[in-house]
Every structure is written in structure tokens, then in C-alpha cells.
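Colleague: I have a model open on my screen and I'd like to learn how to read it. Could you walk me through it?

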Amino acid sequence: MKIGEALRKKRLELGLTQQEMCEGILSRPFYAKVESGKNRINAESLFKILFARQIDLVEFGKLVQGTYDSAENKAEKRY
């Protein structure tokens with residue numbers, strides 16, 4: 001799962017609108033493009049959103065790990 005997809009999943013679990021999710025951090029139009037995969041989010045903004053919404057970093061990391069993990073790490077985990 002990509003970062004934008006994971007943000008959307010967590011936002012929906014929290015029952016928040018896009019505006020509520022990114023309030024004070026990013027503009028809603030930019031955030032919408034992050035969720036849809038059209039824009040990338042920088043680490044600072046991502047962490048601000050996760051901390052502001054009390055989203056567990058480890059849990060979020062597990063959601064996106066498969067997408068961003070190296071092929072070598074994926075192969076090692078299979079064994």
C-alpha cells in the first residue's frame with residue numbers, strides 16, 4: 001500500500017474529512033492529490049499529520065512497508 005492509500009485508510013478509520021486530516025499542515029487540494037497518488041508528501045508533513053492524528057508510526061509503517069521495502073528485504077523475509 002502506498003503512503004497516500006495508507007493515509008486515506010487511516011483517515012476513514014478516524015472518520016475524518018480530508019480537510020480535518022490535514023488541517024494546519026497542508027492545503028486540502030494538495031492533500032487530496034497525496035491520497036490519490038498524484039503528489040508526494042515530504043517526511044516532515046507526513047509526520048506532522050501522523051502525530052496530530054495520533055496515528056501509530058509502527059502500524060502506519062507496516063501498512064506501507066511492502067510497497068517501499070527493497071526486493072532484497074522482501075526475499076529475506078520469505079525465508
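Modeller: Let's start with Arg 40, which is exposed, with a relative accessible area of 79%. Buried means under 20% relative accessible area, exposed means over 50%, and partly exposed is what lies in between (1.4 Å probe, protein chains only). Before going on: this is a predicted model, where local features need pLDDT of at least 70 and side-chain atom pairs count only at pLDDT 80 or more, while totals for chains, interfaces and linings use all residues. Residues are numbered from 1 along each chain as its sequence is written, and side-chain values use heavy atoms, with hydrogens and water left out.

Colleague: Where is Arg 40 found, and which residues does it touch?

Modeller: Contact means heavy atoms within 4.5 Å. Arg 40 is found in the loop between H3 and H4, and it touches Phe 30 and Val 34, not counting residues up to four places away in sequence.

Colleague: How do the axes of H1 and H3 cross?

Modeller: Axes are lines fitted to C-alpha atoms, for helices over the stretch in contact, and angles run from 0 to 180 degrees between N-to-C directions. Under 35 degrees counts as roughly parallel, over 145 as roughly antiparallel, 65 to 115 as roughly perpendicular and the rest as oblique. The axes of helix H1 (residues 3-14) and helix H3 (residues 28-35) come within 7 Å and cross at roughly 110 degrees, so H1 and H3 are roughly perpendicular to each other. H1 brings Gly 4, Glu 5, Leu 7, Arg 8 and Arg 11 to the contact, and H3 brings Tyr 31, Val 34 and Glu 35.

Colleague: How do the residues of that contact divide by type?

Modeller: Ala, Val, Leu, Ile, Met, Phe, Trp, Tyr, Cys and Pro count as nonpolar, Asp, Glu, Lys and Arg as charged, and the others, Gly among them, as polar. The contact of H1 with H3 has three nonpolar, one polar and four charged residues.

Colleague: Now the nonpolar core. Which residues have the most contacts inside the largest one?

Modeller: A nonpolar core is a set of buried Ala, Val, Leu, Ile, Met, Phe, Trp, Tyr and Cys residues joined through side-chain atoms within 4.5 Å. The largest has 14 residues, and Leu 7, Tyr 31, Ile 41, Ile 49 and Phe 60 have the most contacts inside it. H1, helix H2 (18-22), H3, helix H4 (43-52) and helix H5 (57-68) each give two or more residues to this core, with H4 giving the most, three.

Colleague: Is Tyr 31 buried or exposed?

Modeller: Tyr 31, in helix H3, is buried, with a relative accessible area of 0%. Beyond four places in sequence, its contacts include Leu 7, Arg 11, Gln 18, Met 21 and Ile 49.

Colleague: What about Gln 18, buried or exposed?

Modeller: Gln 18, in helix H2, counts as buried at 18% relative accessibility. Among the residues it touches beyond four places in sequence are Arg 28, Tyr 31 and Ala 32.

Colleague: Last one: what is the phi of Gln 54?

Modeller: Gln 54 has a positive phi of about 55 degrees although it is not a glycine. This residue is found in the loop between H4 and H5, and it is exposed at 74%.

Note on methods: Helix = DSSP H or I, 4+ residues; strand = E, 2+ residues; numbered from the N terminus.
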